[in-house]
Structures are given as structure tokens and as C-alpha cells.
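Okay, thanks for having me. Let me put the structure up and we'll walk through a few spots together.

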Amino acid sequence: MEQRKKAIICLEGLGKQFQTTNGTVTALDDINLEILQGEIFGIIGLSGAGKSTLVRCINYLEVPTSGEVLFENRSLASMSRRDQRKARQSMGMIFQQFNLLAQRNVIQNVCFPLEIAGASKKEAKERAMELLGLVGLADRKDAYPSQLSGGQKQRVAIARALATNPKILL
């Protein structure tokens, strides 16, 4: 018997508006979406269409103006800030501009989320080296972001996003 997959993300009537000097701008309007465990989704659209705003609303870095974001059937809006942070730790995120820390080398950038999660330095370094091997950058572990190409920075950002074994990757 086939087991039904559970929704990991559910958006119900999601909306986001911003107040500007020229009035209200609607970035998202009545977005309804269900993403099941194991599914892969792509968000495409023109520049300024709201793709980044949508992703930031999914992980509650941006609070929606209307609607609900459910993560594993729990409303992020009804969670305490502490529980929201915990849920966010289950969501790896790769930002468009990579958001690497310039003063930290590659391995230190990958270790960063592990340090925040409370891993020991030894565990963090072992996990970081495993991930740097996975993305083909183990030999660049001591390099700083300014010494990397755009593609290499992207791969460091991917390794960092995977460091804590997130349930979803945005």
C-alpha cells in the first residue's frame, strides 16, 4: 500500500504588501500552494515579480500581510519566536547574493550555522569538510570569499545551507 506523503509547506491565501512613499505595493496576492515532502519546486518570474519575497515569507524572514504559512502542519504565525527560529533552522536557505561572511574563510563560513546550532568545533569542522568535498571545494577551505569566483561562492553557500541537515532547502 502506497503511503501518502505529508505536506511540508502549505501556503493558504498568502499575501504581502509594502508601504512606499508612492502608496501600497502588492508583492504577493492570494498565493495557495502545497509542497509535499520530497517534491522539488521552481519559482520563476520576471525581475520584481515577488520571487524573493515569497521565499522570505515561507521561512518567515518576512511576515506575510495576509494568509497562512504552515510548516509541517503548524502555522508559523501562531508559533512563539523561539519556535519560529527552531522551524527556520529546519529550512536551509541559499540567498541570491550568497551572504557569505567576508571575514571568515570558506570552512568557517560553512561551520557558522553549525556553531549557532550548538555543534562542537570538532563536529562542525568534520561536517564542513564533508560538505566542501561534496561541492568540490575541499581544497579551497582556507580561501576567503573575495578569493572565490561567483560559482565557487554559490557552492560554499550551498554547503552552508546543507550543514544542519535541513528538512527543506529554499
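Before anything else, when I say buried, I mean under 20% relative accessible area. And keep in mind that this is a predicted model.

So, helix α1 to begin with, residues 51-58. In there, T53, L54, V55, C57 and I58 are buried. What do those buried residues of α1 pack against? Four strands: β1 (7-20), β2 (23-36), β3 (66-71) and β5 (91-92). Then, just after α1, you get Y60, and Y60 has a positive phi, about 65 degrees.

Okay, over to the next pair of helices. α3 covers residues 106-116 and α4 covers 121-134, and they pack with their axes 9 Å apart, at an angle of about 120 degrees. That angle makes α3 oblique to α4. As for handedness, the α3 and α4 crossing is right-handed.

Who's touching whom? From α3, it's V106, I107, V110, C111 and L114. From α4, it's A124, K125, R127, A128, M129, L131 and L132. Sort that contact by class and you find 10 nonpolar residues, two charged ones and no polar ones.

Now, let me stay on R127, which sits in helix α4. Is R127 buried or exposed? Its relative accessible area is 17%, and the cut-off is under 20%, so R127 counts as buried. What does R127 contact, if we skip its neighbours within four places in sequence? That would be L114, L162, A163 and N165. With L162 there's also a polar atom of the R127 side chain 2.9 Å from the L162 backbone oxygen.

That's my tour, happy to take questions.

Notes:
Residues are numbered from 1 along each chain as its sequence is written. This is a predicted model: local features need pLDDT of at least 70, side-chain atom pairs count only at pLDDT 80 or more; totals for chains, interfaces and linings use all residues. Side-chain values use heavy atoms; hydrogens and water are left out. Axes are lines fitted to C-alpha atoms, for helices over the stretch in contact, and angles run from 0 to 180 degrees between N-to-C directions. Helices (H or I, at least four residues) and strands (E, at least two) are DSSP runs, numbered from the N terminus. Angles under 35 degrees count as roughly parallel, over 145 as roughly antiparallel, 65 to 115 as roughly perpendicular and the rest as oblique. A crossing is left-handed if the near helix is turned anticlockwise from the far one by less than a right angle, and right-handed if clockwise. Contact means heavy atoms within 4.5 Å. Ala, Val, Leu, Ile, Met, Phe, Trp, Tyr, Cys and Pro count as nonpolar, Asp, Glu, Lys and Arg as charged, and the others, Gly among them, as polar. Buried means under 20% relative accessible area, exposed over 50%, partly exposed in between (1.4 Å probe, protein chains only). A polar contact is a pair of N or O atoms within 3.5 Å; within protein, one must be able to donate a hydrogen and the other to accept it, and residues adjacent in sequence count only if both atoms are side-chain atoms.
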